[in-house]
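Colleague: I am new to this model. Please take me through it, starting wherever you like.

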Amino acid sequence: MVDRLSALDASFLYLEDHTTPMHVGGVAVFERPGSGFDYDELLAFVRRRLGSVPRYRQKVVQVPGHLARPVWVDDQEFDISYHVRRSALPKPGNDEQLHELVQRLMSRKLDTTRPLWELYLIEGLADGRVALVTKTHQAMVDGIGAVDISQLILDSVPDGRRDREEDLWMPRPEPGFVGLAVGAVTEAVGRPGEVVENVRAAAVDARASLRKLTGVLGGVCSALGTALPPASGGPLNSSTSPQRRFAVARGKLEDLRAIRHEHGGTVNDVVLAVLTTALRSWLLFRGEAVSARTTVRALVPVSVHADGPAATERDEPTDVSLDRVSACLVDLPVGEPNPVMRLHQVGHAMRAHAESGRSVAADALVRLSGFAPSTLHALGARVAGGLSNRVFNLLVTNVPGPQVPLYAAGATMSEMFPVVPLVKNQSLAIGVTSYNGGVFIGLNADRAAVPDVDALAAMIEESVEEMIGTVGE
C-alpha cells in the first residue's frame, strides 16, 4: 500500500509556481537561555522530535503519466542539516534586518525533491535574542497526519518534557517506476473518472480542480446571504510577482478586550475593525478613491465543528472537536469614517457565522488538542486556495494562541508572527496570533504591488490607539 497524497494536498503542489510558493511560515523570537542556544543544540532537538511526525522525513514522488496522485515516500538520503539551517545578522541585528531576511527566505520555493519544510536559526539579534523562521508546504499540513513544524518544536514547559530518546529511523524502500505505475493502473480500474481529474489537475486547470475538490464555495458565509458579486479591484489584486515584503505590528490583548467590553462583539470583530481602519488610512495615504460605500473584501477562515450551540468568546470552553476550517467572506467597511461604526458593521457581518451554531469558541480553540496556532494558520491558508481570487481582496487569518509562555529547547518565546502565503493575483495576506498577553500581526505582501507595507503595519498600531480612545467616551 502506498501513502498517496489526498486530492487537496496534490492540488497545492500543482498550483505552485515561481510567483506563488505554497508554503506557510512563521517568525518566532526567543530569549536565549543562560545555558545557551546554538545550532548544534537545535539540530539535535529537532532530530529527537521528528519521530513523532514521520511526514517530515518523507518526500513527494510523482506517478508516471499522472495516472494517479503523487505518493509520500521515505527520503532515503534524508539530511536534517539541509532542513535545519542557520543564518546571522550583523550584530546587533534589529527588527528591520530580520524582516528583510524573512522576506527573502519566504520568496523562495521549497525543493520538491526533498521533504517539504525548512527551519532557520537566525543569530545576531540585539539583546542576545535568536529567531526561528519556519517554512512548511501546505501539501503537508492537514492538521491530522501532519502539523506545522512550529507546533512540533514548541513546549509549554522549559525542560522539553515531551522529549524522548532519538529513534533509530530506518527508511522504507522507495517504490520503483513499475510499482508506482502498476498501483496507479489498479486504482484506475476501480475509479476511472479520477484519472481524468488527476491529469486535469496536474496539467490543465489546477485551481478549478481544487475548488471542485474542496467544495468550499458551497460553504462560504457572508452577511449578504446570496451569491457574492466579484470583489472590487485595486492595489490588493495586482499580478503577483516573485518577491515579497514582510512587516509586523504588535498590540496588547488587554486593549482589544477593553474595546470589545466597551462596544460589544468579539475580539475577532475588534481585530477586523482595527485592520479596516488601517486599510482605510493606507488607501487614503496612497491617494486611492475612498467613498462612503468603499469596501475591502476579506477572506477570514473560521474554525467550525459539525454540531452544537453557537459559541462566543465568552462561553466556557467545552469538549469540542475541529472538523474543518471554512471560508467566511467579510466586506470591511473602509469607507465608514467612524471607528465605532466600523466595528459594529464588522460585527454584524461576522454574526451570520456565529449564529450558524457551528463556530468554535476562541477559548475552546486554544485548548483543542493537536491544533496549535501555526497549524491553524496553515489550514486557513489552504481554504484560500479553493476560492477564485476574484471573490476576495485579501486573506486574514486570526488564531488565538496560548496565554502562557512557550519554549523551544529551553529558550523562552517572546514573539510569534505568522507568515501567510499569497495566492495568485493577491498582494497582501495578514496573519494575527495572540500569545501570552500580546497580539502579533504578520503582513506578507507582494514586493512590487505593496512596497509600503511597513506604513500599513504602523497604521495598524495607530488604529488600535484610535479604538482605545473610544473606550469610556
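Modeller: Ala28 has Met416 as its bridge partner in S15. This is a predicted model, in which local features need pLDDT of at least 70 and side-chain atom pairs count only at pLDDT 80 or more, while totals for chains, interfaces and linings use all residues. Residues are numbered from 1 along each chain as its sequence is written, and side-chain values use heavy atoms, with hydrogens and water left out.

Colleague: In what sense do S2 and S15 pair, and over how many bridges?

Modeller: Strand S2 (residues 23–31) and S15 are antiparallel, with seven bridges. Strands count as paired if DSSP finds at least two bridges between them. Strands (E, at least two residues) and helices (H or I, at least four) are DSSP runs, numbered from the N terminus.

Colleague: In what order do the strands of that open sheet come?

Modeller: The six strands follow the order S5-S6-S7-S2-S15-S14, and their pairing is mixed. Strand S5 (84–93) and strand S14 (407–408) form the edges; each has a single partner strand, so one side of each lacks a neighbour in the sheet.

Colleague: Which strands does helix H2 touch?

Modeller: Helix H2 (residues 39–49) packs on this sheet and touches S5, strand S6 (117–125), strand S7 (129–137) and S14. Contact here means heavy atoms within 4.5 Å. The direction of H2 makes about 145 degrees with that of S5; axes are lines fitted to C-alpha atoms, for helices over the stretch in contact, and angles between N-to-C directions run from 0 to 180 degrees.

Colleague: What kind of peptide bond joins Lys91 and Pro92?

Modeller: That bond is cis, with omega about -10 degrees, and Pro92 lies in strand S5. In general, most peptide bonds are trans, and most residues other than glycine have a negative phi.

Colleague: What is the phi of Ala409, and where does Ala409 lie?

Modeller: Phi of Ala409 is near 55 degrees, which is positive in a residue other than glycine. Ala409 belongs to the loop between S14 and S15 and counts as buried, at 17% relative accessibility. Buried means under 20% relative accessible area, exposed over 50%, and partly exposed in between (1.4 Å probe, protein chains only). Asn436 is also not a glycine, and has a positive phi of about 50 degrees. Asn436 lies in the loop between S16 and S17 and is partly exposed at 37% relative accessibility.

Colleague: Turning to S8, what is the strand order in its open sheet?

Modeller: That sheet of six strands runs S8-S17-S16-S13-S9-S12, with mixed pairing. Strand S8 (244–252) and strand S12 (329–332) are at the edges with a single partner strand each, so one side of each has no neighbour in the sheet. From one strand to the next, the twist averages 25 degrees. Within the sheet, strand S13 (residues 394–400) and strand S16 (residues 428–435) are parallel, with six bridges, and Leu395 stands opposite Ala429 in S16. Helix H14 (residues 453–468) packs on the sheet, touching S8, S16 and strand S17 (438–446), and its direction makes about 10 degrees with that of S8.

Colleague: How many aromatic pairs does a search of the whole structure find?

Modeller: The search finds five. Rings of Phe, Tyr and Trp (its six-membered ring) pair if their centres lie within 6.5 Å; planes under 30 degrees apart count as stacked, over 60 as edge-to-face and the rest as tilted. One of them is Phe78 with Trp169, edge-to-face at 6.1 Å centre to centre and 75 degrees between the planes. Phe78 sits in the loop between S4 and helix H3 (80–83) and Trp169 in the loop between helix H5 (149–153) and helix H6 (177–190), so the pair ties together parts 91 residues apart in sequence. Phe78 is buried at 17% relative accessibility, whereas Trp169 is partly exposed at 25%.

Colleague: How are the planes of Phe417 and Phe440 arranged, edge-to-face or stacked?

Modeller: They are edge-to-face, 5.4 Å centre to centre with 90 degrees between the planes. Phe417 is in strand S15 (residues 411–419) and Phe440 in strand S17, 23 residues apart. Phe417 is buried at 4% relative accessibility, as is Phe440 with a relative accessible area of 7%. Together with Tyr435, Phe417 and Phe440 form one aromatic cluster.

Colleague: Lastly, how many of the residues of H10 are buried?

Modeller: The count is 16 of the 19, so H10 is largely enclosed by the rest of the structure. Across the chain, 56% of the 473 residues count as buried.
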